[in-house]
Amino acid sequence: MQTWTPAFAGATETCQHFPQYEVLKQKGMHMIESLHYLPRAGGTHSALSERFTDLAPPLTARQAAIESARCLYCYDAPCTRACPTGIDVASFIRNIHDHNIEGAAVKILQQNIFGGSCARVCPTEILCEDACVRNNDAEGQPVKIGLLQRHAIDNAQFKGHPFQRAPSTGKTIAVVGAGPAGLACAHRLAMLGHGVVVFEAREKPGGLNEYGIAKYKLPGDFAQQEVEFLLSIGGIEIHYGQALGDNLQLADLHARFDAVFLGLGLAASRRLGLTGEDAPGLMAAVDYIATLRQAGDLAALPVPRRAIVIGAGNTAIDMAVQLKRLGADEVTLVYRRGFEAMSATFHEIEIAKTHFVRIRTWAAPLEVLLDEDGRVRGMRFEETRLEDGRLLNTGTIVEIAADAVFKAIGQGMAALADPLAPGLENELEHERSNGNQRIRVDASFRTALPGVYAGGDCVAPGQDLTVQAVQHGKLAALAIHNDILSKAEAAWPT
Amino acid sequence: MADLSIDFCGIKSPNPFWLASAPPTDKAYNVVRAFEAGWGGVVWKTLGEDPPAVNVSSRYSALHGKNREVIGFNNIELITDRSLAINLEEITAVKKAWPDRAMIVSLMVPCEEAPWREILPLVEATGADGIELNFGCPHGMPERGMGAAVGQQPDLIEQVTRWCKTYTRLPVIVKLTPNITDVRAPARAALAGGADAVSLINTVNSITHLDLDRMVAYPIVGGASTHGGYCGSAVKPIALNMVAEIARDPLTSRLPISGIGGIGSWSDAAEFIALGAGSVQVCTAAMLHGFRIVEEMKDGLSRWMDSKGYENIAAFSRKAVANTTDWKYLDMNYQVIASIDQEKCIQCGKCYVACEDTSHQAIARLVEGEARRYEVKPTECVGCNLCEITCPVEDCITMVPQPTGLPYMNWTKDPRNPRAEVV
């Protein structure tokens, strides 16, 4: 687990003057300081902030009324089946239509306490809205479920927290990681009457909602507001700057608490495996996005004139689009396969295109090109093609000039220094070797270590979606609750 | 092109579409606009004795559908709030300027002979083509012994109709209230009094909805409300039935009927005509959309008539009356079974849950991975039509007649009927 300090939190000065860089460098981290020689975004923070407002504006009350009337109130509704958290979509939309906004919000939140952020960041086009029966050949217009969900959550006015805590069980659960998985778990545990202590490595709660989602998808301080709302149930305390394997030991947690939930996320960015990977000008997209999201002054952010983003997922799109919005002239997204294999959804790719992001497919990273100062000046790629399902290099070399390269080729588990960590890991050797290593859990999110549960991106298999993490946390809480009540806990290994 | 003109108990009109007695026919300005738009006739807003009625502020309310379309409409307005002289003057002028259009004058005066005797010559002098007796207004006026207070008592209907037939040569149309148990009684009374025709339905007693914060119904006048008259598409089924009841009653089957109640399209009008109406009256649809709707109504009716080979209104008038019968004469051997077009099915499951929860458990839900397949169980289906009604996709579920090979047999002959007539 990494100890991470948001380098730009509240900063108005330029990068070089931050003492944190030394700390970060000592930790072998390759953060935004590697871009310190690049020009600043310039302009004013407020002008730039205008470019990071809502990508999709909320529905007006009238729009919500019209859209909610379109829902057919299906039985065994496919949208609900497509929702990883199983939100009763037909029911909450009917509540919206019947002017029962609080009822609608509770319907959502009882399945997904992060219903507000999921309404904004969920790839609804591949989940509920894809499944909507109105998304048929004749109509092709699914109900705007995501926007309706946001309408309900944003407009509900609760007097106090809408969920009550059950009478105290006298049990206390440790939750490691204050991201969507950990906090969803904590909230559900609190509802069930347990005390919860959350340990978070960073300085703020929220996980990827706070640090990882494109700023225009989750603007302002929504992520913090949502966490505040969640915590208002009571019974949850959070300790920051607490990293497993660093100043937190699993054995110690187990000894002190009745159960442990690990919602560690995937803190490590995968490596390209090329020489020059640590050169100034090359960094992980997630680190830049984290800095961008925490920046007190967007104008002070280093912004390359020409940039390459390597990857084909939603993070790659988020990175490329945000660079464009910060004023980069030329952003090229490079992927070693074709469009059809991109994990970014069609909707995301459209966003990139409307921002004039160049998308170069069938090109695999070959070499990082450096200038005489050892800084990134571009990349060399080799063209690829598919033959009998296998990806082959064609021998044709392509060079793309760039002032910075951002890799968005996936995240992996950070190496855990905890002595008990090996017991958690996936035993499948091929997954361990190809960097897909995650914590192994059973159907109830129990790890191999009795009393230790895990969920969210850090477990296999996962879709790496916020909504999936929330579901993991929720289900793990129910499993913890049941296991504790049935006193089924096995002996702790000595 | 089909001939839309009608001769309704002697009243000629270029088309069967009349504006009903209501705010749209309140004064010359509106009526002239209506005639310019193409309406075949109007029933002028009900005249009464001077001093004219006084209306309250806040007069209408409505029942809205999911998309805020108006399903039903409610009003608490009274008869004309303008003086008799002004109305008569305007009626005269408008009829003179539009001689080819039907001009019927609605009337409501106290239930005594003298007021009727006095007002009828005045109306006749305007050149109007006929009169309509407002025995239907369900709000306000009945409290003064008029409107529905008359329409709910057949003997009064007969009496007033007779006075009218005595004191005017004009055709007399008696407008009936639906706020009774059997509409045939007032229709027979009107006929007995000498009525040339009946028109129906007037509005239905109603409260559309409430302000739950103020705990008062709409429309709100000060802190209170009162029941109003309901109209609009919501009342069409009630009106169609009452028209059919009169049309198929042997005692009144020759009595011309002007159909009123939720007519907003050419097909609504065609339905009323097929069930016995000789003209139709429209109000709510015009109030919601303006007079221009008559264009689509005329065009649609005319094209449909052409497609069916109906040369004039009489060609299809009353054509559905004979097919409207008592329950006991329905064919007990007839059988339909639902059929789901799997190509059109969007897998919403509404047919399934409706049948499973509330009907005959005649639809199977087959889970095929993420997909669902809904199939009718022919042996369980009783042919109730519920699934077809709940299905959001047009023509996806159809009710298919089954070849039973059995002859027509009604309940009076059914061996399952303990009181069946022995063949």
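Predicted model: local features only at pLDDT ≥ 70, side-chain atom pairs only at ≥ 80, totals over all residues.
Residues are numbered from 1 along each chain as its sequence is written, and chains are lettered from A in the order in which they are written. Local features need pLDDT of at least 70 and side-chain atom pairs count only at pLDDT 80 or more, whereas totals for chains, interfaces and linings use all residues.

**Exercise 1. Confidence and overall content of chain A**

Task: State what the mean pLDDT of chain A is, and how many helices and strands chain A has.

Solution. 
- Step 1. The term pLDDT denotes the predictor's confidence in each residue, from 0 to 100. Its mean over chain A is 88, and 89% of the residues reach 70 or more.
- Step 2. Helices (H or I, at least four residues) and strands (E, at least two) are DSSP runs, numbered from the N terminus. Chain A holds 18 helices and 17 strands.
- Step 3. A residue is buried if 20 or more other C-beta atoms lie within 10 Å of its own, exposed if 12 or fewer, and partly exposed in between, with C-beta atoms placed from the backbone. Of the 494 residues in chain A, 50% are buried.
- Step 4. Among the contacts in chain A with a separation of 6 or more, 73% join residues 24 or more positions apart.

**Exercise 2. Two helix pairs in chain A**

Task: Determine at roughly what angle H5(A) and H9(A) cross, then treat H14(A) and H15(A) likewise.

Solution. 
- Step 1. Two packed helices are described by the angle between their axes and the distance between the axes. Axes are lines fitted to C-alpha atoms, for helices over the stretch in contact, and angles run from 0 to 180 degrees between N-to-C directions.
- Step 2. Helix H5 (residues 89–97) and helix H9 (residues 145–155) of chain A have axes that come within 10 Å and cross at roughly 55°. H5(A) is therefore oblique to H9(A); angles under 35 degrees count as roughly parallel, over 145 as roughly antiparallel, 65 to 115 as roughly perpendicular and the rest as oblique.
- Step 3. The crossing of H5(A) with H9(A) is left-handed, a term for a near helix turned anticlockwise from the far one by less than a right angle (right-handed if clockwise).
- Step 4. From H5(A), Val89(A), Phe92(A), Ile93(A) and Ile96(A) meet Ile145(A), Leu148(A), His151(A) and Ala152(A) of H9(A). This contact has seven nonpolar, one polar and no charged residues, where Ala, Val, Leu, Ile, Met, Phe, Trp, Tyr, Cys and Pro count as nonpolar, Asp, Glu, Lys and Arg as charged, and the others, Gly among them, as polar.
- Step 5. For helix H14 (residues 285–294) and helix H15 (residues 314–326) of chain A, the axes come within 10 Å and cross at roughly 55°. This angle makes H14(A) oblique to H15(A), and H14(A) passes H15(A) in a left-handed crossing.
- Step 6. Residues in the contact include Tyr288(A) and Leu292(A) of H14(A), with Asp318(A) and Met319(A) of H15(A). By class, there are seven nonpolar, two polar and one charged residues.

**Exercise 3. Backbone exceptions**

Task: Decide whether the peptide bond from Asp50(B) to Pro51(B) is cis or trans, and whether Tyr73(A) is buried, exposed or partly exposed.

Solution. 
- Step 1. Most residues other than glycine have a negative phi, and most peptide bonds are trans.
- Step 2. The bond from Asp50(B) to Pro51(B) is cis, with omega near -10°. Pro51(B) lies in the loop between strand S4 (41–47) and strand S5 (60–64) of chain B.
- Step 3. Leu200(B) and Ile201(B) are also joined by a cis peptide bond, with omega about 10°.
- Step 4. Tyr73(A) has a positive phi, near 60°. Tyr73(A) is partly exposed because 16 C-beta neighbours lie inside 10 Å.
- Step 5. Met215(B) has a positive phi, near 55°, and is exposed, with 8 other C-beta atoms within 10 Å.

Terms used
Contact = placed C-beta atoms within 7 Å.
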